[in-house]
Amino acid sequence: MVTILEAIGNVGSADETANKNNGGYSGTGCSRTAVYKRLGKALSKHAGWKGYFRPKNYTKKL
């Protein structure tokens with residue numbers, strides 16, 4: 001499972017059930033934290049998918 005910060009449209013994600021079941025925020029039309037399977041359909045199945053990254057100066061403290 002991967003927790004990400006994403007900008008999500010009004011439709012929601014392709015794997016909203018996985019997000020909700022794993023503690024992700026379920027809002028739409030906003031920026032939110034979401035929890036998805038690393039190889040799930042919500043992320044890796046998008047055209048042009050490049051992968052995950054961590055911002056420079058990343059720390060686990062949020």
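This is a short chat about the predicted model shown above.

Q: What should I know about the source before I start?
A: This is a predicted model, where local features need pLDDT of at least 70, side-chain atom pairs count only at pLDDT 80 or more, and totals for chains, interfaces and linings use all residues. Residues are numbered from 1 along each chain as its sequence is written, and side-chain values use heavy atoms, with hydrogens and water left out.

Q: OK. How many helices and strands does the chain have?
A: It has 1 helix and 2 strands. Helices (H or I, at least four residues) and strands (E, at least two) are DSSP runs, numbered from the N terminus.

Q: In what order do the elements run?
A: From the N terminus on, the order is β-α-β.

Q: Why is the chain called as compact as a globular protein of its length?
A: Because its radius of gyration is 12 Å, close to the 11 Å that the globule rule gives for 62 residues. The radius is taken over C-alpha atoms, and the rule is 2.2 Å times the number of residues to the power 0.38.

Q: And what does the C-alpha trace span along its principal axes?
A: About 30 × 25 × 20 Å.

Q: What share of the residues is buried?
A: Of the 62 residues, 29% count as buried. Buried means under 20% relative accessible area, exposed over 50%, and partly exposed in between (1.4 Å probe, protein chains only).

Q: What about the accessible surface of the chain?
A: It comes to about 5000 Å², and 52% of that belongs to carbon and sulfur atoms. Accessible areas come from the Shrake-Rupley method with a 1.4 Å probe; for residues, only the protein chains shown count as cover.

Q: New topic. How many salt bridges are in the whole structure?
A: A search finds 2. A salt bridge is a side-chain nitrogen of Lys or Arg within 4 Å of a carboxyl oxygen of Asp or Glu.

Q: Which residue forms a salt bridge with Glu6?
A: Arg32 does, with the closest N and O atoms 2.8 Å apart. This pair links distant parts of the chain: Arg32 is in strand 2 and Glu6 in strand 1, 26 residues apart.

Q: Are those two buried or exposed?
A: Both Arg32 and Glu6 are buried. Arg32 has 2% relative accessibility, so it counts as buried.

Q: And which residue meets Glu16 in a salt bridge?
A: Arg32 again, at 2.9 Å from N to O. That pair also links distant parts of the chain, with Glu16 in helix 1 and Arg32 in strand 2, 16 residues apart.

Q: So what do Glu6, Glu16 and Arg32 make up?
A: A network of salt bridges links them.

Q: Why does Glu16 count as buried?
A: Because its relative accessibility is 14%.

Q: What else does Glu16 touch?
A: Leaving out residues up to four places away in sequence, Glu16 touches Tyr25, Ser26, Arg32 and Tyr36. Contact means heavy atoms within 4.5 Å.

Q: Tell me about the core. Which residues are in the largest nonpolar one?
A: It has 6 residues: Val2, Ile4, Ala34, Tyr36, Ala42 and Leu43. Strand 1 and strand 2 are the elements that give two or more residues to this core. A nonpolar core is a set of buried Ala, Val, Leu, Ile, Met, Phe, Trp, Tyr and Cys residues joined through side-chain atoms within 4.5 Å.

Q: What does Tyr36 touch?
A: Not counting residues up to four places away in sequence, its contacts include Val2, Ile4, Asp15, Glu16, Ala42 and Leu43.

Q: Where is Asp15?
A: Asp15 sits in the loop between strand 1 (2-8) and helix 1 (16-21). At 12% relative accessibility, Asp15 counts as buried. It touches Tyr36, Lys41 and Ala42, not counting residues up to four places away in sequence.

Q: Where is Val11, then?
A: Val11 is also in the loop between strand 1 and helix 1. Its relative accessible area is 82%, so Val11 is exposed. The C-alpha atoms of Val11 and Pro55 are separated by 27 Å, and the two are 44 residues apart along the chain.

Q: Last one. Where does Asn57 lie?
A: Asn57 lies in the segment after strand 2 (30-36). At 78% relative accessibility, Asn57 counts as exposed. Asn57 has a positive phi of about 65°, although it is not a glycine.
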